[in-house]
There are 2 protein chains.
Amino acid sequence: MESIITSSYSVHFNQKAYDALDRYLSGEKYSKIFILVDENTRKHCLTPFRNGLRTEFTFEVLEIESGEENKNIHTCVKVWNALSELDGDRKSLLINLGGGVLCDLGGFAASTFKRGIDFINVPTTLLSMVDASVGGKTGVDLGSLKNQIGVINQPRMVLILSDFLKTLEERQLQSGFAEMLKHGLIQDASYWDTLKSVSDFKAMDTLIHTSVVIKNNVVLQDPREQNVRKILNFGHTLGHAIESYFLESEAHETLLHGESIAIGMILEAYLSFKLTGLPKNQLEDIKTVFLSKYPKPEFQNTDIESILTLLKFDKKNAYGTINFVLLKHIGEPVVDVRIPEDLFHSAFSYFKE
Amino acid sequence: MESIITSSYSVHFNQKAYDALDRYLSGEKYSKIFILVDENTRKHCLTPFRNGLRTEFTFEVLEIESGEENKNIHTCVKVWNALSELDGDRKSLLINLGGGVLCDLGGFAASTFKRGIDFINVPTTLLSMVDASVGGKTGVDLGSLKNQIGVINQPRMVLILSDFLKTLEERQLQSGFAEMLKHGLIQDASYWDTLKSVSDFKAMDTLIHTSVVIKNNVVLQDPREQNVRKILNFGHTLGHAIESYFLESEAHETLLHGESIAIGMILEAYLSFKLTGLPKNQLEDIKTVFLSKYPKPEFQNTDIESILTLLKFDKKNAYGTINFVLLKHIGEPVVDVRIPEDLFHSAFSYFKE
């Protein structure tokens, strides 16, 4: 699989990834190497990762608890303290071995420790391979508000080792797959058609590569999310609010990120049908595909009200208005669309049908 | 006073500062403007600052407690929460109206809120005018370790309003003056001679301007502190350790930053005499000047041991070794000098003489 060159680093795949890291570590003089894991990646990924490398190096393992509920500044303080107590200095390297939560938090911890040390991301979930691997977003949640605190900062490299997907449950894979479906919806109708017919996750390498290429092309055009990069937020404006709400709500099971944005994409496809001319048959196609793969929770009116309240706290809502990415057609997005408030309720009604 | 142009923004003085901010605010479309103050700058600086501006704008005031002991992530969380609760978004502006602690913390809070909002620094102490005004260092302390957490990020502009110096006590002014003396020591022997003879702080504008020019010239050559910028750390390697130690120690009065680095500069001048050829008469001159202006605390052996332990945690000590900036002559620094451990004890003995 060809390596993908981003603005400042490369995304390497499988054996090439191990080779690239071997070359890199023998060229760079780091004073200390830290590997950040959670209880899952310590168990399933740390040994194979270490065994995949030929370079001799010593490292310290830092462990945090997995889960979005731990993606906060308190966990970050623990990482900073551990780095400090283990004599981490400005010439230290942090390797983030884990999913999106771990890579986002580890990237933020590294970017702010002693005003910034180098880090490398080794995403271990499908979601983080196709999403967090490119773009340089790092950060943590603030209370129930997702990714409120963070910086844009690039890793030295990203390694995608698709063998790690074998350690994941089906539900986790399906969650990551939602971001790939999004890549089709916002950039490539034929990729959307290909993905629709994927029925198992055994041979994903080419598809992961395509998704990273799509995301990278978007980010390269607009690193600071002034314009075109906003299209990556399709499904996320409502999806984030739904994810945040379900995380706090006692009446609902927590939804995974991909499950939340799958709902967000159905709702925002409905808004697209109403406001930007998405054809009815494409709207139906989108709804059918997502409902065939993802859970359909019951939304009460009180749930919907709370979700709409959270919407206005989304960090992307500049000037207090809520701007959405919608679709004209599958593969053709429009940014900065303002939504009349009553349409949100119709969108949820359509979802419930 | 001429404005000083840094890598990406300008430092404006007095009436020109108000004019520049007026022009800026009428040109930029911010959704919300926040002014961060502490109890002192709320009382003494907020109203004159607001009255100095002709532009009409509404703003929210955020208040934190003054003092190095509040320069931590908990205070930062309060600022983030306040920004979030008051509907701060990506198009918000934070104006930091305060001393070094407030500007450092406010700059970090702004740089990390929603992955970065704009901020402007209005330093209100002599120390922050001549030091924090240029260089883009932002951050907070981690436990007793100073500035362990932070990022390098530039404000949109810096405004130096020297009228605010009238609100400061003599001891605060003297503390800031230590950084100016440092500028002489590391860059300009004649500036050092000028400063030695300053006996009151009434007409400081030209001297402040000179200090900002010196610091800016150094930072422009090396923004990421790879090389020449390290010279700004003269007196700070030991000075920081002393400041941290006195902050935590129950047996000692807390030292201000300038008071700590004044001691650090005497100690490091002694190391310069021993290792890099600083002439004896210049060492004596440095000691005499600093002891005539700053307190001379009693150091017990246990104090010295604790201070040396803290040294190794200083964030600048890459690879676990302690690298110092020393002087060949006044005005002529050398970077990356390693110090034999026993010399530290002789340096403290010399200080006590």
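Met180(A), His183(A) and Gln187(A) are the H7(A) side of a helix pair. Facing them in H9(A) are Leu207(A), Ile208(A), Ser211(A), Ile214(A), Lys215(A) and Val218(A). Contact here means heavy atoms within 4.5 Å. Helices are DSSP runs of H or I with at least four residues, strands are runs of E with at least two, and both are numbered from the N terminus.

Before the geometry, the ground rules. This is a predicted model: local features need pLDDT of at least 70, side-chain atom pairs count only at pLDDT 80 or more, and totals for chains, interfaces and linings use all residues. Residues are numbered from 1 along each chain as its sequence is written, chains are lettered from A and ligands numbered from 1 in the order written, and side-chain values use heavy atoms, without hydrogens and water.

Back to the pair. H7(A) covers residues 170–187 and H9(A) covers 205–221. Their axes come within 10 Å and cross at roughly 50°. So H7(A) is oblique to H9(A). Axes are lines fitted to C-alpha atoms, for helices over the stretch in contact, with angles from 0 to 180 degrees between N-to-C directions. Under 35 degrees is roughly parallel, over 145 roughly antiparallel, 65 to 115 roughly perpendicular, and the rest oblique. The crossing is left-handed: the near helix is turned anticlockwise from the far one by less than a right angle.

Now chain B. Helix H1(B), residues 14–27, has 14 residues. From first C-alpha to last it reaches 20 Å, close to the 20 Å expected. That expectation is 1.5 Å times one less than the number of residues. Which of its residues are buried? Ala17(B), Tyr18(B), Ala20(B), Leu21(B), Asp22(B), Tyr24(B) and Leu25(B). Buried means under 20% relative accessible area, exposed over 50%, partly exposed in between, with a 1.4 Å probe and protein chains only. Their cover includes strands S2, S3, S5, S6 and S9 and helix H3 of chain B.

Take S3 next. Ile35(B) lies in that strand. Ile35(B) is buried, because its relative accessibility is 0%. Beyond four places in sequence, its contacts are Leu46(B), Phe49(B), Phe59(B), Glu60(B), Val61(B), Leu62(B), Ile95(B) and Leu97(B).

Last, Asp303(B), in helix H13, residues 301–311. Buried or exposed? Buried, because its relative accessible area is 5%. Setting aside residues up to four places away, Asp303(B) touches Tyr245(B), His252(B) and Glu298(B). Its side chain makes a polar contact with that of His252(B), at 3.0 Å. A polar contact is a pair of N or O atoms within 3.5 Å; within protein, one must be able to donate a hydrogen and the other to accept it, and residues adjacent in sequence count only if both atoms are side-chain atoms.
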